[in-house]
Amino acid sequence: MRTINDFIWSVVLQQNDPSDRKPVDSVHTYIVEFDGAAGIEWGNNINVSSLYLKGVEGDVKTQFTGLMYHEMTHVFQWDGEGTAPSGLIEGIADYTILKVYDNPYGFANPGDGDSWDQGYTVTARFLEFFEYAVINDAATTPGGTRFNNEIGVCKAKQIMATANSFILYAIFQQSYPSDQKAIDLVNLYIEEVKFPLTVTWGNNNINFSSIYMAGFKGDLKREFMANVYHEMTHVLQWTGNGNAPPGLIEGMAEYTKLKANLTQPGFAEPGQGDHWHQGYDVTARFLEYCEGITPGFVAKLNKMMRFRFEFKYFKDLTGKPVYQLWLDYKVKYGQCCN
Ligand SMILES: [Zn+2]
């Protein structure tokens, strides 16, 4: 409960100054035999149904923890002195769960539901939506118009949210917010520029060229997704405080694209390329090979790169120095000449 308490104040409600907070001295939890709900919060007290716990399918501890995140949010949240829609109140409580677990059990998908204040997981997904801003500064240009017609702001935000979960949970395996970079909002701008085609700048901004979109031949939505997965990796990845080789940084971004099945024509085949930090698709294929030697390699490497970068991380993780790994990799795919 102590962990949940800190999490809700700092990550969800962001009231770090105690004077902003609802005064709560103590919270009591009772396990009570009652029907009709899993849990109920009443005046700083939480009742958890023993009947619900008995009927839980799967891991009781996980379900109980999720329930406690939900009920503890009710203890701490404001409710407009009782005037806030109950669906919003329940949505905020489930939003807390969404911040803790990737795709929590039984959750709505982004975009599901009939109204924003339907409550619980539907409203939680709607609230999640505000973490992404899409600004089309080129709406009157051919590329900006094509973006609006073939993708649109709403779909773009959903793609960003999906990419975010995929990168944090599947690629980097950072289940806890304390492991993750603190990013509140990601902005995606559609800009009328020739170059760069796409770029990440600052901590949390992505630019996408409308001129590139205007000239792109093929499925623009898929192309947009591929680029969003790449750029969102830059937003979320560690860089060893800026000391990691740029080729490795770009390789990790392409690795995300590879694992999401979003590679574009011309993407390197396994074994191609001249050196491990050549970048982009070449390095992505090499990282895939390292992943085969040490499962979770990319997640572990990223974690090690939080504060600094050292070449020996490769050896720490696989038992072999990186130059040896690269040679073995080339040999495996019959690409080595000497
Ligand atoms: Zn990049």
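**Notebook: a first walk through the fold**

I began with contacts (two residues whose C-beta atoms, placed from the backbone, lie within 7 Å): among those in the protein between residues at least 6 apart in sequence, 61% join residues at least 24 apart. I keep in mind that this is a predicted model, where local features need pLDDT of at least 70, side-chain atom pairs count only at pLDDT 80 or more, and totals for chains, interfaces and linings use all residues. Residues are numbered from 1 along each chain as its sequence is written.

**Overall**

I noted 14 helices and seven strands; these are DSSP runs numbered from the N terminus, helices being H or I of at least four residues and strands E of at least two. Of the 338 residues, 33% count as buried. Buried means 20 or more other C-beta atoms within 10 Å of the residue's own, exposed means 12 or fewer, and partly exposed lies in between, with C-beta atoms placed from the backbone.

**The sheet**

I looked up an open, mixed sheet of three strands in the order β1-β3-β2; strands pair if DSSP finds at least two bridges between them. β1 (28-32) and β2 (39-42) are the edge strands with a single partner each, so one side of each has no neighbour in the sheet. From one strand to the next, the twist averages 20 degrees. β2 pairs with β3 (residues 45-49) in the antiparallel sense, over four bridges, and there I found Glu-41 opposite Ile-46 of β3.

**The cores**

Next I checked the nonpolar cores (sets of buried Ala, Val, Leu, Ile, Met, Phe, Trp, Tyr and Cys residues joined through C-beta atoms within 7 Å). The largest has 51 residues, and Met-160, Val-228, Met-232, Phe-286 and Leu-287 touch the most other members. Helix α9 (residues 220-236) gives this core its largest share, eight residues. I also found a second, separate core of 16 residues, with Phe-7 and Leu-67 among them.

Most residues other than glycine have a negative phi, and most peptide bonds are trans. So I wrote down the exceptions that I met. The bond from Phe-195 to Pro-196 is cis, with omega near -10 degrees, and Pro-196 sits in the loop between β5 (186-191) and β6 (198-201). Asn-44 has a positive phi of about 65 degrees and lies in the loop between β2 and β3. Asn-44 counts as partly exposed because it has 15 C-beta neighbours inside 10 Å. Asn-241 has a positive phi of about 60 degrees; with 11 C-beta neighbours inside 10 Å, Asn-241 counts as exposed.

Terms used
Axes fitted to C-alpha atoms, helices over the stretch in contact; angles between N-to-C directions.
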